[in-house]
Amino acid sequence: MPDNVPARLVVLVSGAGTNLQALLDACEDPAYGAKVVAVGADREGIEGLARAERAGVPTFVRKVGDFTSREHWDHTLTDTVAAFEPDVVVLAGFMKLVGADFLGRFENKVVNTHPALCPSFPGVSGPADALEYGVKVTGATLFVVDAGVDTGVIIAQAVVPVEDADDVESLHERIKVAEREMLVENVGRMAREGISVTGRRVRFGS
Ligand SMILES: Nc1nc2c(c(=O)[nH]1)N[C@@H](CN(C=O)c1ccc(C(=O)N[C@@H](CCC(=O)O)C(=O)O)cc1)CN2
Ligand SMILES: NCC(=O)N[C@@H]1O[C@H](COP(=O)([O-])[O-])[C@@H](O)[C@H]1O
């Protein structure tokens, strides 16, 4: 990406959008090197979309149930995101698996933040699964999305302790504080430096 042109981020969300908000806030600084050009969701009425609207960022919703097949949804989502010409697509609490069309169109450009230390505790209940297992540390992982569930090559991880008094909510909140910092720092580096992927090793710089 050229030095003086901010990288174009499309962010997909399904819920509260606190990770999106952290990115929107970081993008206020021109030195960050990125701007959020669109926010998409798989459902209406969520705070993540409201955050985008308040920031003046275009939004779109593509619901799986409105399409004749999962493949049709994936294809339409791909076309919609592509129209915004993203340099990086950030899945930030996006609770849908993206498919072959999407991953083929944005190869090595789609990243997801997951609230556990991959490869442990993949899926939709990372904090609950970590608590149930009894691990003493957990955290968050930023990775390049592939066709599996939370199996992509790892860009960054942040570690947090599990406290004796934790329930799922308190643990997830502690993870989310570390997750937002990790996301902002590493998406910024991707925007400014790019990444190169060799096998499962990811390095900044192209
Ligand atoms: N191809 C990929 N897509 C996504 C990944 C990924 O690793 N590969 N990560 C997810 C986020 N994720 C957890 O980290 C995750 C999200 C959703 C699901 C899931 O089974 N979703 C169901 C619907 C559930 C719902 O709507 O609440 C579905 O997709 O039908 C598993 C893991 C982002 N996408
Ligand atoms: N499997 C996906 C998953 O669990 N994603 C998690 O949902 C939260 C969304 O928070 P936010 O909407 O406030 O950014 C984040 O902790 C994210 O990692």
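At what angle do helix α5 and α6 pack, and how far apart are their axes? I shall begin with that pair, after a word on the model.

This is a predicted model, in which local features need pLDDT of at least 70 and side-chain atom pairs count only at pLDDT 80 or more, while totals for chains, interfaces and linings use all residues. Residues are numbered from 1 along each chain as its sequence is written, and chains are lettered from A and ligands numbered from 1 in the order in which they are written.

Helix α5, residues 126–133, packs with α6 at an angle of about 115°, and the two axes are 9 Å apart. Helices here are DSSP runs of H or I with at least four residues, strands are runs of E with at least two, and both are numbered from the N terminus. Axes are lines fitted to C-alpha atoms, for helices over the stretch in contact, and angles run from 0 to 180 degrees between N-to-C directions. The crossing of α5 past α6 is right-handed; a crossing has that name if the near helix is turned clockwise from the far one by less than a right angle, and is left-handed if anticlockwise. Pro127, Ala128 and Leu131 of α5 meet Val168, Leu171, His172 and Ile175 of α6, where contact requires C-beta atoms, placed from the backbone, within 7 Å. This contact comprises six nonpolar residues, one polar and no charged. In these classes Ala, Val, Leu, Ile, Met, Phe, Trp, Tyr, Cys and Pro are nonpolar, Asp, Glu, Lys and Arg are charged, and the others, Gly among them, are polar.

Helix α6 also meets α1. Their axes come within 9 Å and cross at roughly 45°. α1 is therefore oblique to α6, since angles under 35 degrees count as roughly parallel, over 145 as roughly antiparallel, 65 to 115 as roughly perpendicular and the rest as oblique. This crossing, too, is right-handed. On the α1 side the contact includes Thr18 and Asn19, and on the α6 side Lys176, Glu179 and Arg180. By class, it has six nonpolar, three polar and three charged residues.

I turn to the sheet. Seven strands form an open sheet in the order β3-β2-β1-β4-β5-β6-β7, with mixed pairing; strands pair if DSSP finds at least two bridges between them. β3 (59–61) and β7 (154–161) are the edge strands, each pairing on one side only. From one strand to the next the twist averages 20°. α1 packs on this sheet, touching β1, β2, β4 and β5, and its direction makes about 160° with that of β1. Strand β6 pairs with β7 in the antiparallel sense over seven bridges, and leucine 142 has alanine 156 in β7 as its bridge partner.

The loop between β5 and α5 holds proline 119 and phenylalanine 121. The peptide bond from cysteine 118 to proline 119 is cis, with omega near 10°. Phenylalanine 121 has a positive phi, near 55°.

Finally, which residues come nearest to ligand 2? Of the 16 around ligand 2, they are Ala16, Thr18, Asn19, Gly93 and Pro115, where near means a C-beta atom, placed from the backbone, within 6 Å. The shell around ligand 2 has five nonpolar, nine polar and two charged residues, and α1, β5 and α6 each supply at least two. Around ligand 1 there are 15 residues, with Met95, Lys96, Leu97, Asn112 and His114 nearest. Nine residues of the shell around ligand 1 are nonpolar, four polar and two charged.

How values were computed:
Contact = placed C-beta atoms within 7 Å.
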